[in-house]
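Dear colleague,

My notes on what was found in it follow directly after.

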There are 2 protein chains.
Amino acid sequence: MDQIVFKPIGIIHTPFTNREGMPIQPSGAEGVRGTVEIAPEFAAGLKDLDGFSYIMLIYHFHLSSGYELEVVPFMDDTPRGVFATRAPKRPNGIGVSVVKLLKVEGNVLEVEDLDVIDGTPLLDIKPFVPDIDNREGGSSGWLSGKAMKMRTKKSDGRFR
Amino acid sequence: MDQIVFKPIGIIHTPFTNREGMPIQPSGAEGVRGTVEIAPEFAAGLKDLDGFSYIMLIYHFHLSSGYELEVVPFMDDTPRGVFATRAPKRPNGIGVSVVKLLKVEGNVLEVEDLDVIDGTPLLDIKPFVPDIDNREGGSSGWLSGKAMKMRTKKSDGRFR
């Protein structure tokens with residue numbers, strides 16, 4: 001299949017400069033503030049974004065290279081299929097985080113609940129709409145019952 | 001900033017062969033079934049995925065080329081900043097849909113609530129976990145109060 005080429009539209013700035021000891025999900029990064037700096041050429045695309053309380057950031061796991069199809073995720077001690085995890089080392093290193101949008105000033109967004117490392121290249125932003133994006137019930141597989149743990153669990157060096 | 005190169009891990013097969021008249025969100029595609037065919041070399045990464053009721057598909061809007069920073073979205077008649085919409089014509093054509101996972105058989109997933117066109121190249125799969133991925137309250141900007149309309153609105157030819 002053909003290769004697909006993307007180019008970052010901006011950079012995510014966060015307090016995390018080390019891949020170890022980071023929150024592993026936005027729910028574990030409550031109150032962590034940072035900024036999303038959009039390249040000036042794309043700033044006009046931010047119009048109307050300030051009306052949304054939550055936005056989805058899509059970014060590149062730029063520090064991870066290569067991948068394995070089974071990984072032992074931060075939340076477990078059993079190998080899991082990589083697509084049943086959110087581990088950063090994946091065939092295509094795409095990360096997704098839904099964060100709180102505090103303010104839009106020109107080409108800079110102030111956001112909260114950031115679980116990504118400083119300097120992460122941003123690929124896209126989409127509005128998050130609870131009325132259509134939330135899902136209720138169902139099973140969460142090996143992650144069932146682990147939501148509380150995910151709030152406090154920190155990363156370690158396993159996905160270099 | 002550097003270019004980022006991805007390679008599809010599979011193909012999404014759906015009943016939609018025409019960009020016009022499609023549902024514009026998974027919530028408008030209730031009951032629409034299709035399959036996600038993973039390239040055999042990545043099939044081992046699907047282990048444990050069958051425990052999840054909902055999964056996030058990340059894919060390439062391969063039929064859209066170019067972009068504009070302001071677009072009139074399907075749900076509105078006012079131009080909006082492209083990052084405040086989910087229009088397929090965007091600087092990086094990345095789409096995200098959370099769908100119901102019905103079954104995993106080898107390298108093929110049976111899924112429901114598909115709002116993508118047949119033949120869409122798949123980039124990644126992640127588990128969706130309501131306990132950590134749902135968000136409550138807040139504002140949904142220009143989309144406030146339009147969730148019901150989004151369930152029935154169909155696409156037209158505007159994002160070729």
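A:Gly34 is buried, since 22 other C-beta atoms lie within 10 Å and 20 or more are required for that class. This is a predicted model, and the remarks that follow should be read accordingly. A:Gly34 belongs to strand 3 (residues 33–38) of chain A. Setting aside neighbours within four places in sequence, A:Gly34 is in contact with A:Ile12, A:His13, A:Thr14, A:Pro15, A:Val111 and A:Leu114. A:Phe61, by comparison, is 27 residues away from A:Gly34 in sequence, with 17 Å between their C-alpha atoms.

With regard to the chain as a whole, chain A contains two helices and nine strands. Their order along the sequence is β-β-β-β-β-β-β-β-β-α-α. Chain A has a radius of gyration of 16 Å, close to the 15 Å that the globule rule gives for 160 residues, and it is therefore as compact as a globular protein of that length. Along the principal axes, the C-alpha atoms of chain A fill a box of roughly 45 × 35 × 35 Å. Of the 160 residues in chain A, 48% are buried. Among contacts in chain A between residues at least 6 apart in sequence, 76% join residues at least 24 apart.

I turn next to the sheet of chain B. Strands of a sheet pair through backbone hydrogen bonds, either parallel or antiparallel. In chain B, six strands form a closed barrel in the order 2-3-8-7-4-9, with antiparallel pairing. From one strand to the next, the twist averages 45°.

Strand 4 (residues 54–60) of chain B is joined to strand 9 (residues 120–127) of chain B by five bridges, and the two run antiparallel. Within strand 9 of chain B, B:Ile125 is the residue opposite B:Leu57. Strand 2 (residues 10–13) of chain B also pairs with strand 9 of chain B in the antiparallel sense, over three bridges. There, B:Thr120 in strand 9 of chain B is the bridge partner of B:Ile12. Seven of the eight residues of strand 9 of chain B are buried, so this strand is largely enclosed by the rest of the structure.

A:Ile4 stands opposite B:Phe6 in strand 1 of chain B.

Finally, the symmetry. Chain A is superposed on chain B by a rotation of 180° with 0.0 Å of shift along its axis (RMSD 0.0 Å). That is the relation of a two-fold axis. The same surface serves both copies, as 100% of the contact residues of chain A recur in chain B.

With kind regards

Definitions and conventions
Residues numbered from 1 in each chain as written. Chains lettered and ligands numbered in written order. Predicted model: local features only at pLDDT ≥ 70, side-chain atom pairs only at ≥ 80, totals over all residues. Pairing = 2+ DSSP bridges. Helix = DSSP H or I, 4+ residues; strand = E, 2+ residues; numbered from the N terminus. Axes fitted to C-alpha atoms, helices over the stretch in contact; angles between N-to-C directions. Least-squares fit on C-alpha atoms with pLDDT ≥ 70 in both. Contact = placed C-beta atoms within 7 Å. Buried ≥ 20, exposed ≤ 12 C-beta atoms within 10 Å, placed from the backbone. Rg over C-alpha atoms; globule rule 2.2 N^0.38 Å.
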